[in-house]
Amino acid sequence: MTLIAVPISVSGAGDVADALHRAQNAATLGARLIEWRIDALAGREDGHAIAARLVRESPTPCIVTCRAESEGGTAATNEVDRQHLIQAVLSSADQPCYVDVELAAFQQDQRGWREALAAIQPHEDDGPQMASLIFSAHDFRGRPRDLIQTIETMTNEPLCKVMKLAWRARSVRDNLEAFDLLTERRKPTIAVCMGEPPEIGLMSRVLAPKFGGLLTFATDSPENETAPGQPTIEELRGLYRFDSIGKQTKVYGVIGWPVGHSASPALHNAGFETLGHDGVYLPLPVPTEYEHFKATVGSLIDHPRLDFRGASVTLPHKEHLVQFVRERGGRMDALSETIGAANTLIVGSAGGLECRNTDAPAIVRALCDGLACDESALAAKRVAVLGAGGVARAAVAAVSQAGAKVVMFNRTREKAEGLAADFHGSKNATGGLVHVVAGKDDALDCGCFDIIINCTSMGMTGGPAPDDSPLAVLASDTKVLDETVTVFETVYTPRETPLVKEAREAGATVIHGDAMFIRQAAMQFEAWTKHEAPIDLFERVLAAGLT
Ligand code: NAP
């Protein structure tokens with residue numbers, strides 16, 4: 001079983017009561033080990049007494065660590081002070097489960113450290129009362145060049161019971177090496193990737209149970225994080241289903257840049273939990289260039305023990321997914337082919353690849369559900385699509401295939417013209433010809449549209465114009481809305497955009513962006529699990545995360 005360990009730093013006697021309270025709270029949340037970080041106590045007269053009390057009153061078994069500055073700690077005092085403090089801890093009646101000493105420090109002063117650690121016996125049959133030694137190595141710049149040598153040294157040193165290796169990941173791929181270390185271990189091992197964006201090493205923390213890691217570090221609250229990318233205990237257990245992860249667990253994720261604020265992990269993991277599907281869904285940040293996408297996704301798929309079974313693919317990689325699947329000889333649905341972009345990767349158990357576009361059918365389903373009609377009814381509609389980016393492309397493909405007449409409006413008119421030309425005149429699903437044209441500046445005010453779909457990023461939190469409605473830019477008269485019009489807002493953060501408010505005030509029917517988001521996610525979920533998606537649950541989870 002992989003334990004959740006929570007580091008808690010203590011810098012003086014005044015911190016102890018609060019630290020013990022935090023430890024108790026962490027234990028209640030599910031921590032099975034507390035790591036007492038006593039970096040600041042080295043060289044202090046009362047250091048030993050404080051450390052002894054922490055160990056004695058610790059609500060769970062504990063690790064004692066006095067981390068050197070050179071490896072991410074704050075113990076700036078000389079090495080002798082650190083050694084004396086650890087020696088004193090090991091001479092106390094109440095022993096921690098482990099003490100952690102950096103291999104580099106040990107190698108620099110073997111005599112001093114061997115003396116400090118003399119109470120630890122290098123035998124397998126140490127009594128349970130005796131602390132064991134963790135040898136650790138941290139690299140905050142990148143993967144240590146001497147990683148393999150470090151592991152060899154730790155393995156061969158009889159004093160070392162547990163090996164801990166932590167480094168700054170340069171790519172999601174670094175996590176795979178951490179998994180290989182855990183798989184090939186000859187001693188209990190902790191392998192952790194850290195870094196920025198914080199999700200880059202999250203996989204190594206969440207999937208430690210799949211690969212037999214001794215423990216994973218979590219924090220009791222976000223402000224107490226001691227290394228970049230540490231999740232909270234609640235995230236680990238609640239969001240990422242840590243307690244259910246085992247050797248056979250299938251891995252999924254959302255691939256994009258950035259992915260930190262994606263609601264997809266909350267939706268899919270809640271769905272897996274409800275269904276009892278042995279899977280976990282993670283944010284997977286992959287930088288914008290195709291080379292990164294190809295290398296990372298290829299490594300995830302090809303890893304022999306990861307069981308990577310699929311991904312949601314978002315900005316800026318939707319076109320990359322089509323290219324990647326084509327290069328690998330995989331299958332793709334007709335919509336991905338027509339649109340030139342896909343948002344869903346499905347990896348078969350034997351490694352076969354398939355990509356699908358679930359954005360376009362999600363737009364049709366959200367529209368039909370909102371209008372309480374079936375798809376054939378869309379053929380009689382005149383639709384204005386605002387924007388000419390990726391979502392506009394999916395919207396145009398979706399509604400024009402259903403037979404609707406589409407007029408596009410975009411700030412940069414040439415982009416709308418180009419996109420319209422890609423579709424106009426081709427055969428649609430109703431047997432007729434696709435009708436898509438770029439509108440003139442003021443044609444949005446014609447009063448002739450049944451449906452207006454906003455596919456610009458205006459109104460989106462963190463976007464280019466969060467407080468503005470696209471009608472203010474694309475229509476000369478804002479009275480384009482009345483009770484005969486349906487406004488479909490694809491932006492879903494926030495749920496109440498300026499356009500939604502405007503539409504409601506005008507008495508128009510409103511379809512929110514979350515209707516599309518949930519339906520595209522549901523189709524992905526069904527493709528991966530072969531089970532119907534729990535739409536009600538998705539709605540509740542998304543609503544809980546949106547303001
Ligand atoms: P995109 O490719 O970047 O396109 C953005 C579009 O917005 C472009 O047409 C751009 O016009 C226009 N735009 C941006 N700022 C503007 C401004 N200040 N004034 C006028 N027009 C402006 O983005 P995308 O991938 O299509 O995504 C668009 C939106 O869809 C996102 O913001 C997101 O909220 C939403 N979305 C929803 C879902 C869902 O499931 N509900 C899924 C994905 C995305 P120019 O061509 O002139 O630059």
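A salt bridge here is a side-chain nitrogen of Lys or Arg within 4 Å of a carboxyl oxygen of Asp or Glu. By that rule, the side chains of Arg67 and Glu102 meet in a salt bridge, at 2.9 Å from N to O, and the structure holds 28 salt bridges. This is a predicted model, in which local features need pLDDT of at least 70 and side-chain atom pairs count only at pLDDT 80 or more, while totals for chains, interfaces and linings use all residues. Residues are numbered from 1 along each chain as its sequence is written, and side-chain values use heavy atoms, with hydrogens and water left out.

**Overall layout**

- The chain has 20 helices and 20 strands; these are DSSP runs numbered from the N terminus, with helices being H or I of at least four residues and strands E of at least two.
- The C-alpha trace spans about 85 × 50 × 40 Å along its principal axes.
- Of the 547 residues in the chain, 55% are buried; buried means under 20% relative accessible area, exposed over 50%, and partly exposed in between, with a 1.4 Å probe and protein chains only.
- Among contacts with a separation of 6 or more, 72% come from residues 24 or more positions apart, where contact means heavy atoms within 4.5 Å.

- Arg67 counts as buried because its relative accessibility is 2%, and Glu102 counts as buried at 1%.
- Arg67 also meets Asp100 in a salt bridge, with 3.0 Å from N to O.
- This second pair again links distant parts of the chain, with Arg67 in the loop between β3 (62–65) and α3 (79–90) and Asp100 in strand β4 (residues 98–102), 33 residues apart.
- Arg67 and Asp100 are both buried.

- Glu354 and Arg356 form a salt bridge whose closest N and O atoms are 2.8 Å apart.
- Glu354 is buried, at a relative accessible area of 14%, whereas Arg356 is partly exposed at 29%.
- Elsewhere, salt bridges that share partners join Arg67, Glu79, Arg82, Asp100 and Glu102 into one network.

- Glu489 lies in strand β19 (residues 486–489).
- Glu489 is buried yet has no salt bridge, and the nearest side chain of opposite charge, Lys501, is 10 Å away; for charge, Lys and Arg count as positive and Asp and Glu as negative, while His and the chain ends are not counted.
- A polar atom of the Glu489 side chain lies 3.2 Å from the backbone nitrogen of Val491.
- Beyond its neighbours within four places in sequence, Glu489 is in contact with Asn454, Thr497, Leu499, Val500, Ile511, His512 and Gly513.

**Cysteines**

- A disulfide is taken as a pair of cysteine sulfur atoms within 2.5 Å, and the count comes to 1 disulfide.
- Cys446 and Cys448 form a disulfide, with their sulfur atoms 1.9 Å apart.
- The torsion about the S-S bond of Cys446 and Cys448 is about -70°, so the disulfide is left-handed.
- Cys446 is partly exposed at 42% relative accessible area, and Cys448 is partly exposed at 29%.
- Cys160 is in no disulfide, the nearest cysteine sulfur being that of Cys97, 15 Å away; Cys160 is buried at 2% relative accessibility.
- The sulfur of Cys455 is too far for a bond, because the closest cysteine sulfur, in Cys368, is 16 Å away; Cys455 is buried at 9% relative accessibility.

- The 12 residues of α15 (residues 390–401) should span 16 Å at 1.5 Å a residue, and the end C-alpha atoms are 17 Å apart, which agrees; the expected span is 1.5 Å times one less than the number of residues.
- Buried residues in α15 include Ala392, Val396 and Ser400.
- Thr529 is found in α19 (residues 513–529) and is buried, with a relative accessible area of 7%.
- The Thr529 side chain reaches the backbone oxygen of Phe525 at 2.8 Å.
- Leaving aside neighbours within four places in sequence, Thr529 is in contact with Phe272, Leu275 and His277.

How values were computed. A polar contact is a pair of N or O atoms within 3.5 Å; within protein, one must be able to donate a hydrogen and the other to accept it, and residues adjacent in sequence count only if both atoms are side-chain atoms.
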